[in-house]
Amino acid sequence: MSDLVLWEVRNGVGHVVLNQPERGNVISTAMAHDLKTVVERACNADIGALLISASGKQFCVGGDISEFGEHREQLAPLIGAMLDVLNPVMHQLASLPLPVISAVQGPVGGGGIGLALCADLVLASRHMFLRGGYSAIGLSPDLGVSAYLTRRAGAARAKYILMSNRAIAAEDCLRMGLVDELHEPEQLLTAATALAEELAGGPTNSLAGIKKLCDSAHRQDLLLQLGAEREAMLACALSGNSLEGVTAFLQKRKPVFQRR
């Protein structure tokens, strides 16, 4: 593993940092393998939340077009091999039974959109903007970009963003629901870290239940969702965290929850 993706645990939060700022944190083959290693560590770490951020002025500009150019005669096999690495990584991130937060400090495009929007909560700088990028080089979305844009902004806006390839400013991203909070650039990482640490100290079984239920709600009918809610609530009620939460509420004190 190189240093293209950094990993650290602080105060119960796992920090994943894209770290090739001089190239806009492009997703190269090497970056894909580093990301795989780091996400595997996150899946096995004793953490209560995960924070995805990036070094430099850009969050992630998407795929490494220079690498695509070097292998233009074998582009499909190259992309296929990269996605064989990255698709399981994206599934692991989406399936983590804890809150995932992203801090998007600057421009984001292509597969970088997937890395930003796979988070449960997306915080962004007022200097960020989002651009699809795919149609400019004759490709279609990857890394869950079509799913995340559609879930957050709706199919019509997702198609507009991806087909037009126009830049979507931070304020418009907030209005469309693509991001959840906007912060001044110098305050973004502090705000994102504070939120991640707050959630890491929360009842992770409850938060995991919320995440799973909200992610499934759009694809099953109400009766099935009500049953899933019942199972999740009973599982929470059997845990020590619910007893602590109720007791702390009645005693008018801050609860002390246990991580998974």
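Start by selecting Asn25. Asn25 is buried, at a relative accessible area of 0% (buried: under 20%; exposed: over 50%; partly exposed in between; 1.4 Å probe, protein chains only). The model is predicted: local features need pLDDT of at least 70, side-chain atom pairs count only at pLDDT 80 or more, and totals for chains, interfaces and linings use all residues. Residues are numbered from 1 along each chain as its sequence is written, and side-chain values use heavy atoms, leaving out hydrogens and water.

Stay on Asn25 and check its backbone. Its phi is positive, about 55°, although Asn25 is not a glycine. Most residues other than glycine have a negative phi. Asn25 sits in the loop between β2 (13-18) and α1 (29-44); helices (H or I, at least four residues) and strands (E, at least two) are DSSP runs, numbered from the N terminus.

Next, select Lys252, in the segment after α11 (240-251). Lys252 also has a positive phi, near 55°. Buried or exposed? Lys252 is exposed, with a relative accessible area of 77%.

Now color by domain: domain 1 (5-200) and domain 2 (203-251), with bounds from an automatic or database domain assignment. Their C-alpha centres lie 28 Å apart. Show the interface. Eleven residues of domain 1 contact six of domain 2 (contact: heavy atoms within 4.5 Å).

Finally, pick Lys211 and Asp120. They form a salt bridge, with the closest N and O atoms 3.2 Å apart (a side-chain nitrogen of Lys or Arg within 4 Å of a carboxyl oxygen of Asp or Glu). The rule finds one salt bridge across this interface.
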